[in-house]
Amino acid sequence: MHKKLGSVLMGAFLLAPFAASAVTVAELQAQAQALLAQVAALQAQYGGNTAGNVTYGTGNASLCPQLGRSVYRGISGPDVLRLQKFLAGDPGIYPEAILSGYFGVNTERAVQRWQTKYHIIAAGPGYGVAGPRTAAAMAILCSTGSYNGVSGPATQKPVSGFISVSPISGEAPLTVNVTATVNTANSCTGAIYTLEYGDGSAPQQIPVSARNCEQLNQTYPHVYQYGGTYQVRLSAGTHSTTATVTVSGAPKPPPPVYTSGLPSETFSASPNSGPAPLTVTFTGTVNSNDAGFCLGGCASALDFGDGTMASVDLPATVGGWLNYTATHIYKQSGGYKATLYQGGAGSAQPKVGSVTIIVDTGTNPATYTYSAPVISTSTSNALALSVEFDLPSACTGYLLSWGDGSTDAVQNDSGTSGCTQARAVKTLSHTYAAGGNYTVTLRRGPTLARVDAVPVALIAPASAYIYSSPTPSASATAPLTVNLEFDLPSSCTGYRLSWGDGPADSMQNDGGTGCAQTPVVKTLAHTYAATGTYTMVLKRGPTLTRKDDVSLTIYQ
């Protein structure tokens with residue numbers, strides 16, 4: 001009987017006019033009265049209610065607006081709020097879903113969309129006004145699920161869930177586990193549940209995606225840092241459930257007194273990368289404006305990011321500040337985010353700062369692959385060269401022999417605990433006294449087992465040679481044989497010596513680099529037959545550019 005009546009009513013509603021522009025006010029009033037009569041008949045058919053109130057179907061009665069008056073733009077009240085909730089049940093009608101209780105422009109547009117969708121009115125008087133006719137149509141939609149052949153939005157099951165908390169009491173800081181079970185109604189439409197801990201920390205959002213029709217169960221740990229009584233609340237829409245947690249201990253301290261002009265709080269780390277085990281030193285400044293400050297001295301939490309924490313002491317008085325240092329060893333490779341909080345650790349707690357620490361696997365001297373040393377000569381000095389070579393770490397041992405009899409360059413090995421086990425590059429330099437052929441020998445490793453021998457040939461250009469002054473014999477009586485000693489860049493470097501008494505000069509033409517480029521010392525002799533003062537003139541070099549004058553006196 002009920003189904004037959006519904007079909008008859010639906011058929012009748014399909015005949016209702018859609019274009020209102022050709023309908024008079026009197027006709028609209030008559031249609032509204034007819035709709036109200038139909039609603040009354042449906043009420044009687046389904047059990048009814050008291051006269052004078054619009055009632056709604058049993059399928060989802062909580063969403064029906066129950067309007068007792070015409071509402072329009074500028075009106076406010078609980079009936080407007082009920083209308084907004086009803087319209088928000090269809091996102092295509094009221095996508096803004098603003099539930100303010102005030103009938104504004106968004107609510108008006110939503111009413112117009114609803115009237116158009118269900119063929120109530122599309123323009124003219126009453127368009128955007130929730131009057132008797134619209135209210136009656138809404139009541140029929142709630143009762144039958146459709147109006148004028150248009151089905152209403154699918155009825156959504158209510159959100160529901162519950163929580164369990166363990167433990168529910170204890171000393172601060174108290175860690176509790178909150179287990180939230182949501183979507184116990186097995187709704188497939190999706191929802192967002194909110195879990196609040198009651199201590200001012202950030203709430204936890206628990207989303208349930210659409211088409212997930214199963215209930216979900218998730219446990220969330222939370223730490224209550226201070227004493228007090230807290231209400232844990234799980235809510236979604238109008239649904240909510242709570243549990244009480246009692247924490248003994250000192251209550252949360254009042255916010256610190258702000259002091260201007262204090263050094264800013266800082267947080268830094270050095271080094272922030274390297275091989276394991278990596279020792280990192282954290283430094284910075286904290287002051288009494290820190291959120292964790294308390295008179296007498298409190299501490300802030302330093303989270304190293306690897307599951308371990310430390311405390312950083314805060315100043316004990318208002319207006320104070322402290323420099324701090326903390327050291328931590330990262331033993332495993334990976335990336336870590338170290339954070340210094342203001343007070344206790346937590347996602348809602350303000351932070352002084354964060355740094356990222358990168359720890360890699362490092363090097364092993366026993367398996368390290370050495371590169372050959374690289375030898376470079378100087379562009380400014382032909383007798384100077386540098387040797388560049390790598391080591392498994394900066395404290396790996398080495399011995400470098402230059403091959404000219406000079407002191408070796410040595411570093412004793414310090415093992416793997418003496419420094420960071422990361423590849424290091426050394427560059428050592430040396431200047432040879434003379435040109436020639438040398439062998440540079442480099443030994444490396446904990447036992448100097450890696451050996452590289454590199455031959456080098458150095459040619460000292462005469463132009464770069466630094467000459468010494470010639471040395472004559474002492475003055476004496478005639479006749480006197482004088483020896484003049486002087487040096488040359490090589491045995492084939494040119495020279496010319498004038499003795500100053502007229503005989504032919506002693507000379508050697510320059511032979512270039514045709515001989516070993518090794519300095520030599522020459523000694524030439526000359527006999528002066530007569531007394532007097534003589535000036536010996538010595539010229540040396542490829543172009544005889546080096547000139548030395550030597551004065552000598554011969555006595556009677």
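Reader: What makes β11 and strand β13 (residues 278-287) a pair, and in which sense do they run?
Author: Happy to start there, with the reminder that this is a predicted model. Strands count as paired if there are at least two bridges between them. β11 and β13 have 3 bridges, so they meet that cut-off, and their pairing is antiparallel. One of the bridges links Ser 268 to Thr 283 in β13.

Reader: Which strands make up the open sheet, and in what order?
Author: There are 3 strands, arranged as β11-β13-β16, with antiparallel pairing.

Reader: Why do β11 (268-270) and β16 (321-330) stand at the edges?
Author: β11 and β16 each have a single partner strand, so one side of each has no neighbour in the sheet.

Reader: Which residues meet where α3 touches α4, and how many are nonpolar, polar or charged?
Author: From α3 come Leu 83, Gln 84, Phe 86 and Leu 87, and from α4 come Thr 107, Ala 110, Val 111 and Trp 114. By class that gives 6 nonpolar, 2 polar and no charged residues.

Reader: And what makes α3 oblique to α5?
Author: The axes of α3 and helix α5 (residues 132-144) cross at roughly 50° and come within 13 Å. An angle of roughly 50° again lies between the 35 and 65 degree limits, so α3 is oblique to α5. This crossing is left-handed.

Reader: What residue classes does the contact of α3 with α5 have?
Author: Leu 83, Phe 86 and Leu 87 in α3 meet Met 138, Leu 141 and Cys 142 in α5. These are 6 nonpolar residues, with no polar and no charged ones.

Reader: Stepping back, how many helices and strands does the protein have, and what share of its residues is buried?
Author: The protein has 5 helices and 33 strands. Of its 556 residues, 37% are buried, the cut-off being under 20% relative accessible area. Among contacts with a separation of 6 or more, 60% join residues 24 or more positions apart.

Methods. Residues numbered from 1 in each chain as written. Predicted model: local features only at pLDDT ≥ 70, side-chain atom pairs only at ≥ 80, totals over all residues. Heavy atoms only, no water. Helix = DSSP H or I, 4+ residues; strand = E, 2+ residues; numbered from the N terminus. Contact = heavy atoms within 4.5 Å. Nonpolar A, V, L, I, M, F, W, Y, C, P; charged D, E, K, R; others polar. Buried < 20%, exposed > 50% of the residue type's maximum accessible area, 1.4 Å probe, protein only. Axes fitted to C-alpha atoms, helices over the stretch in contact; angles between N-to-C directions. Parallel < 35°, antiparallel > 145°, perpendicular 65-115°, else oblique. Left-handed = near helix turned anticlockwise from the far one by under 90°.
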